[in-house]
Amino acid sequence: MAGEDRETQTKGLRLLGILDVQNTPCAREAILHGAGGSVAAGLLYFLATSRVKRSFDVGFAGFMVTTLGSWMNNAKLRVQQRLIQEGIKNKVAYEGTVMDPTKKGKAEAPSGPS
């Protein structure tokens with residue numbers, strides 16, 4: 001019994017058999033945003049035109065567009081975070097050395113009145 005519970009917990013939720021939603025970063029939020037976009041797009045189109053089949057198609061397109069947009073936005077944020085972390089790491093490593101990027105090309109000013 002305990003082994004079965006542990007197996008189901010580590011397996012996670014797989015979407016279409018390929019995407020492990022539980023272990024993929026930001027996948028849950030992207031799918032939830034897509035579901036909201038789907039409902040909103042389909043419902044608004046249905047209220048405007050009263051065409052059921054076309055509103056389903058619009059809802060599905062809204063799901064795809066919203067999910068991919070949310071996924072791409074999260075991917076962009078992860079790349080920016082990685083660049084900032086590397087920059088902070090380099091700043092700490094090179095601070096006070098000859099390779100410090102903040103010290104490039106600074107000429108020393110005269111120390112007193114002449």
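1. The side chains of Lys53 and Asp57 meet in a salt bridge, with 3.5 Å from N to O. The term denotes a side-chain nitrogen of Lys or Arg within 4 Å of a carboxyl oxygen of Asp or Glu. The structure holds one such salt bridge.

2. The model discussed here is predicted: local features need pLDDT of at least 70, side-chain atom pairs count only at pLDDT 80 or more, and totals for chains, interfaces and linings use all residues. Residues are numbered from 1 along each chain as its sequence is written, and side-chain values use heavy atoms, with hydrogens and water left out.

3. Both Lys53 and Asp57 belong to helix H3, which spans residues 52–94. They are four residues apart, about one turn of the helix.

4. Are these two residues buried or exposed? Lys53 counts as exposed because its relative accessibility is 63%, while Asp57, at 31% relative accessible area, is partly exposed. Here buried means under 20% relative accessible area, exposed over 50%, and partly exposed in between (1.4 Å probe, protein chains only).

5. Three helices and two strands make up the elements of the chain, in the order α-β-β-α-α from the N terminus. Helices (H or I, at least four residues) and strands (E, at least two) are DSSP runs, numbered from the N terminus.

6. Of the 114 residues in the chain, 12% are buried. The accessible surface of the chain comes to about 9,600 Å², and carbon and sulfur atoms account for 63% of that surface. Accessible areas come from the Shrake-Rupley method with a 1.4 Å probe; for residues, only the protein chains shown count as cover.
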